[in-house]
Amino acid sequence: MPELPDPPLAWEDLSAVDRRALTEMLVDKIIIERHPSKIDKDGKRHYLIRAIPYQDPEQEAERLKAVHQARVKIVPRA
C-alpha cells in the first residue's frame, strides 16, 4: 500500500480551485444555520456548519432498505 501524505498538509498545498473540486466530489451539500442558543457578549450569533457527504442514490436506497429489514420483523400469520 502506498504511503499517503498527511491530509492537512496535502490540503494546504492545493489551490483554491482544486480544494473546491475535491470538496464538490466528497460533499453533496453544506448547511449553514444559526445556533439555537449561542450569542456572544457583544451580540454576535454563532452558526452551525454541517457538511452532508455525497451519497449515491442507489447505494442510499439499498442502505435504507437494509436498515428497514433489520428493524422490521416479519411474522407469518398462523
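I began with the surface: the accessible surface of the chain comes to about 7800 Å², and carbon and sulfur atoms account for 57% of it. I note here that this is a predicted model.

**Overall layout**

I looked up the secondary structure next and found 3 helices and 2 strands. Along the sequence these follow the pattern α-α-β-β-α. The chain has 78 residues, and 4% of them count as buried. I also checked how far contacts reach along the sequence. Taking contacts between residues at least 6 apart, 22% join residues at least 24 apart.

**Nonpolar patch**

Which residues form a nonpolar patch on the surface? I found Ile30, Ile32, Tyr47 and Ile49, which together have about 460 Å² of accessible area. Two elements, strand 1 (27–39) and strand 2 (45–53), each give two or more residues to this patch.

I picked out isoleucine 32, which lies in strand 1. Its relative accessible area is 59%, so isoleucine 32 is exposed; the cut-off for that class is over 50%.

**Salt bridges**

How many salt bridges does the structure hold? I recorded 2. As background, side chains of opposite charge can pair when their charged atoms come close.

In one of the salt bridges, the side chain of arginine 19 meets that of glutamate 12, at 3.8 Å from N to O. I compared the two partners for exposure. Glutamate 12 has a relative accessible area of 55% and is therefore exposed. Arginine 19 has 24% relative accessibility and counts as partly exposed.

I then turned to glutamate 33 and arginine 50, whose side chains also meet in a salt bridge, again with 3.8 Å from N to O. This pair links distant parts of the chain, since glutamate 33 is in strand 1 and arginine 50 is in strand 2, 17 residues apart.

**Histidine 35**

I went back to strand 1 for histidine 35, which has its place there. Is histidine 35 buried or exposed? I have it down as buried, because its relative accessibility is 18% and the cut-off for buried is under 20%.

I looked up what surrounds this side chain. A polar atom of the histidine 35 side chain lies 3.1 Å from the backbone nitrogen of lysine 38. Leaving aside neighbours within four places in sequence, I listed Arg45, His46, Tyr47 and Leu48 as the residues in contact with histidine 35. I had already met Tyr47 in this notebook, as a member of the nonpolar patch.

**Methionine 25**

My last entry concerns helix 2 (residues 16–26), where methionine 25 lies. Methionine 25 is exposed, with a relative accessible area of 57%. I also looked up its separation from proline 53, which is 28 residues away along the chain. The C-alpha atoms of methionine 25 and proline 53 are separated by 9.1 Å.

Note on methods: Residues are numbered from 1 along each chain as its sequence is written. This is a predicted model: local features need pLDDT of at least 70, side-chain atom pairs count only at pLDDT 80 or more; totals for chains, interfaces and linings use all residues. Side-chain values use heavy atoms; hydrogens and water are left out. Patches are made of residues with over 30% relative accessible area and no salt bridge: like charges are joined within 9 Å, nonpolar side chains (Val, Leu, Ile, Met, Phe, Trp, Tyr) within 5 Å. Accessible areas come from the Shrake-Rupley method with a 1.4 Å probe; for residues, only the protein chains shown count as cover. A salt bridge is a side-chain nitrogen of Lys or Arg within 4 Å of a carboxyl oxygen of Asp or Glu. Helices (H or I, at least four residues) and strands (E, at least two) are DSSP runs, numbered from the N terminus. Buried means under 20% relative accessible area, exposed over 50%, partly exposed in between (1.4 Å probe, protein chains only). Contact means heavy atoms within 4.5 Å. A polar contact is a pair of N or O atoms within 3.5 Å; within protein, one must be able to donate a hydrogen and the other to accept it, and residues adjacent in sequence count only if both atoms are side-chain atoms.
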